[in-house]
Amino acid sequence: DLTEEPDSIKDTSANEAKSISKPLVEHIYTADPSAHVFDGKIYIYPSHDIDTGAPENDMGDHFDMKDYHILSMDSIGGQVTDHGVALDIKDVPWAGRQLWAPDAAHKDGKYYLYFPAKDKQDVFRIGVATSTSPAGPFKAEPQPIKNSYSIDPAVFQDTDGSFYMYFGGIWGGQLQRWATGKYDANGSKTDLQKDDEPAISPRVAKLSKNMLEFAEPVKEIKLLDENGKEILGKDHDRRFFEASWVHKYNGKYYFSYSTGDTHFINYAIGDSPYGPFTYKGVVLKPVLGWTNHHSIVEIKGKWYLFYHDVELSGKTPLRNVKVTELHHNADGTIQTIEPYTK
Ligand code: FUB
């Protein structure tokens with residue numbers, strides 16, 4: 001139930017829990033932070049949460065966002081600049097409602113903002129908008145990316161220069177409705193409801209040279225357990241829900257994601273950008289608020305986790321982004337981050 005707080009933090013009000021880090025900005029609500037270093041500066045591409053009075057439900061109607069603001073800072077701990085509206089839903093010709101978690105990429109002096117929104121038929125698609133500045137404003141392409149669907153695009157640039165988009169999210173993110181390759185408007189509201197079968201897979205596609213299209217058919221990503229078996233639908237502590245992110249560390253690909261209704265950010269490691277990825281553990285324990293969504297980025301030789309919670313509002317749809325340092329162990333595993341101390 002989207003309106004319920006995670007069990008592990010139910011009895012912990014924001015006042016009692018001592019957070020390990022502070023909201024990066026307090027004048028607006030922000031969430032789903034995708035961070036990048038562009039031109040030597042840190043840019044954060046978050047969702048911009050607002051209270052529109054939309055009802056809270058399992059389809060995520062209460063995440064009713066209408067624009068994006070990009071944040072930047074020169075260094076971790078430095079002053080944060082809000083660059084104002086970078087893209088407004090009224091300037092996205094194909095979009096109907098709900099601008100959800102975005103990401104961005106930089107290639108040959110051009111910047112690309114990738115974002116999910118429901119189209120006029122209420123089907124989530126992924127759009128792209130371009131700018132000559134990393135802070136925008138961005139101009140949306142007239143149509144969503146061909147063959148795109150569902151939510152939470154994360155664009156990873158490999159060391160050979162290729163770009164890959166990871167995407168997908170179940171429940172309100174609609175990924176379960178694409179099981180046959182076509183959208184089933186009457187499909188399940190949650191998942192496949194097949195507990196003993198492999199869980200729904202996140203998706204990946206290489207991007208075309210012009211960064212505006214998929215260069216290949218969308219592929220499914222296998223998430224494996226320690227025995228090499230696909231993680232099952234019933235394994236809610238480990239199965240993919242939403243919030244894909246990929247980073248590369250010591251030549252390995254790290255796929256991290258949210259488990260949604262169990263509120264973890266988990267990670268899995270693989271040898272190829274297409275996976276398969278083997279489950280390794282938890283990056284971030286549940287935070288205040290229902291959603292958990294993050295990015296992992298290297299800045300001046302240190303690694304950071306950007307994430308969100310609801311410290312400022314105490315309300316699930318009004319989140320605030322944060323950052324904390326992340327550590328890889330010598331064996332390549334990631335040290336689990338506890339977002340609160342007592
Ligand atoms: O911000 C709206 C949605 O909530 C995102 O797309 C999901 O990942 C979750 O954080």
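In this predicted model, strand β16 pairs with strand β17 (residues 252–258) in the antiparallel sense, over 6 bridges. Glu242 has Ser258 of β17 as its bridge partner, and Glu242 is also one of the residues around the ligand. The ligand itself sits in the largest cavity. The points below cover the sheet, the ligand site and some backbone features of loops.

**Sheet**

- Strands β16 and β17 belong to an open sheet of 5 strands, whose order is β15-β19-β18-β17-β16.
- The pairing in this sheet is mixed.
- Its edge strands are β15 (223–224) and β16 (242–249), each of which pairs on one side only.
- Glu242, the residue bridged to Ser258, falls within the range of the edge strand β16 (242–249).

**Ligand site**

- The residues around the ligand are Asp32, Ser47, Met65, Trp100, Ala101, Asp152, Glu242, Thr291, His293 and Arg319.
- By residue class, this shell divides into 3 nonpolar, 3 polar and 4 charged residues.
- Asp152 places a polar side-chain atom 2.5 Å from an oxygen atom of the ligand.
- In the side chain of His293, an N or O atom is 2.7 Å from an oxygen atom of the ligand.
- For Arg319, a distance of 2.7 Å separates an N or O atom of the side chain from an oxygen atom of the ligand.
- The ligand taken alone exposes 280 Å², and the protein buries 99% of that area.
- The cavity that holds the ligand is the largest cavity.

**Cis peptide bonds**

- The peptide bond from Gly136 to Pro137 is cis, and its omega is near 5°.
- Pro137 is placed in the loop between β9 (124–131) and β10 (139–140).
- Gly275 and Pro276 are also joined by a cis peptide bond, with omega about -5°.
- Pro276 lies in the loop between β18 (265–270) and β19 (277–284); both of these strands are members of the open sheet described above.

**Positive phi**

- Gln98 is not a glycine, yet its phi is positive, at about 65°.
- The loop between β6 (95–97) and β7 (103–107) contains Gln98.
- Trp100 and Ala101, which are among the residues around the ligand, have numbers that fall between the ranges of β6 (95–97) and β7 (103–107).

Methods. Residues numbered from 1 in each chain as written. Predicted model: local features only at pLDDT ≥ 70, side-chain atom pairs only at ≥ 80, totals over all residues. Heavy atoms only, no water. Near = heavy atom within 4 Å. Polar contact = N/O pair within 3.5 Å; in protein donor to acceptor, adjacent residues only side chain to side chain. Areas by Shrake-Rupley, 256 points an atom, 1.4 Å probe, with all protein chains shown as cover. 1 Å grid on protein atoms, 1.4 Å probe; cavity = no way out; pocket = protein on both sides within 12 Å on 5 of 7 lines; lining within 4 Å. Sits in = over half its atoms within 2 Å of the grid points. Nonpolar A, V, L, I, M, F, W, Y, C, P; charged D, E, K, R; others polar. Pairing = 2+ DSSP bridges. Helix = DSSP H or I, 4+ residues; strand = E, 2+ residues; numbered from the N terminus.
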